[in-house]
Amino acid sequence: MKRWRHHLHAHPELGFEVHATARFVADLLRSWGIETHEGVGRTGVVGVLRGGSAGPSIGIRADMDALPMTEARALPHASRQPGRMHACGHDGHTVMLLGAAHALARDGGFSGTVNLIFQPAEEGQGGAMAMLADGLFPRFPCDAVYALHNSERPLGEVAVHDGTVAAAADRFDIVIHGRGGHAATPHLTIDPLPIAARLLLDIEALPGRLTNVISPAVVTVGSFHAGEAFNTIPDTARLGGTVRCFDQTVRRQLEREIIGRAKAIATMHGATAAVNYESPFAPTVNSPQHAAIVAKVAEKVVGAHRLVRNPDMEMGSEDFSFMLEQKSGCYFLLGQADEAHAAAAHDPDYDFNDALLPIGASIWVALARHCLPS
């Protein structure tokens with residue numbers, strides 16, 4: 001598993017362009033005699049592993065895509081693709097599920113069916129929705145679905161939520177269209193910069209003023225671009241950001257307000273606003289029944305002292321949320337932190353902890369055998 005992981009880490013691919021990664025996964029699955037389907041949701045792979053007798057079915061999902069980042073550490077297995085990096089541990093997620101697939105194919109010990117779901121484009125490009133639109137669950141029926149993500153928790157610690165795990169994440173891009181001109185004659189222009197700056201402060205203050213403080217939400221403007229010269233007022237100013245919350249009512253309320261305020265503030269100053277608002281991630285919500293199953297299985301693998309139940313919800317987001325909207329299941333967190341692996345996901349110093357590979361694979365094997373007893 002370590003060798004597989006280092007290979008994938010050195011050859012990261014983005015979004016739906018995970019062609020070599022998908023071939024790597026498919027070739028291994030076929031080599032173990034597992035029925036393998038490629039091109040599900042463009043570049044997704046599904047392995048169908050049947051037990052010794054008929055029975056129910058479960059799905060286990062791993063994501064395969066990397067991030068558009070430059071790796072900072074000169075590791076022996078560092079990325080060989082400039083500007084691409086497995087900075088979120090999807091290489092490890094893929095390999096843990098491959099390890100479990102190999103063990104289950106070799107040793108059996110379950111009935112029914114395990115659908116091994118290898119998903120592209122988790123990082124905000126709609127990979128889960130693409131697989132669902134391609135008939136994931138009608139083609140590969142699942143009574144429940146499961147997924148995990150590595151976390152900054154101590155190595156081997158498992159965190160399981162009975163309900164909401166992670167936030168919805170929307171994103172917006174707003175362009176303020178004014179009228180440019182010379183910096184010496186601002187009265188002849190409609191300067192988009194102060195309009196955009198006013199809007200930035202207004203929308204970042206929405207949580208806690210517009211929404212109920214007991215339902216957490218955060219609006220963050222992460223980019224602001226305008227102009228090229230110090231003595232010129234530009235025609236446009238652009239700002240982009242994200243909205244994160246746990247409640248769908250709050251989510252829609254914030255969307256309406258951001259769009260409405262952008263247009264109103266621009267109009268008030270004689271400008272116009274063009275708003276692109278997208279909702280790539282829904283809240284990730286577990287079924288209590290399936291969370292209890294994961295907790296029971298994980299406790300047997302890692303021990304009761306390393307099981308954490310219902311910690312604080314995560315403001316991060318996960319597009320496995322869309323699979324959980326269609327099928328009950330559980331998404332849980334698996335700690336990977338030790339002295340050599342202190343960097344959080346999406347950090348250029350991040351590297352997946354290879355010591356976690358047998359732990360994650362063992363949890364998947366134990367889960368399959370628990371849910372599908374022979």
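Let's start with burial: a residue is buried when its relative accessible area is under 20%, exposed when over 50%, and partly exposed in between, using a 1.4 Å probe and protein chains only. By that rule W32 is buried, because its relative accessibility is 19%. W4 is buried too, at 16%.

A word on the model before going on. This is a predicted model, so local features need pLDDT of at least 70 and side-chain atom pairs count only at pLDDT 80 or more, while totals for chains, interfaces and linings use all residues. Residues are numbered from 1 along each chain as its sequence is written, and side-chain values use heavy atoms, with hydrogens and water left out.

A pair of aromatic rings is described by the distance of the centres and the angle of the planes. Here, rings of Phe, Tyr and Trp (its six-membered ring) pair if their centres lie within 6.5 Å; planes under 30 degrees apart are stacked, over 60 edge-to-face, and the rest tilted. The structure holds 4 such pairs. In one of them, the W4 and W32 ring centres sit 5.6 Å apart with planes at 45 degrees, so this pair is tilted. It links distant parts of the chain, 28 residues apart: W4 is in helix α1 (residues 2–10), and W32 is in the loop between α2 (19–31) and β1 (35–40). Those element names come from DSSP runs numbered from the N terminus, with helices (H or I) of at least four residues and strands (E) of at least two.

F172 and Y277 make another pair, with centres 6.5 Å apart and planes at 15 degrees, so they are stacked.

Next stop, H290 in helix α8 (residues 288–302). With a relative accessible area of 8%, H290 is buried. Its contacts (heavy atoms within 4.5 Å), leaving aside neighbours within four places in sequence, are with A144, Y146, S328, G329 and C330.

What about the backbone? Most residues other than glycine have a negative phi. N310, however, has a positive phi near 55 degrees, and H346 has a positive phi of about 75 degrees. Where do N310 and H346 sit? N310 is in the loop between β15 (307–309) and α9 (321–326), while H346 is in the loop between β16 (329–337) and α10 (357–371). N310 is partly exposed because its relative accessibility is 40%, and H346 is partly exposed, also at 40%.
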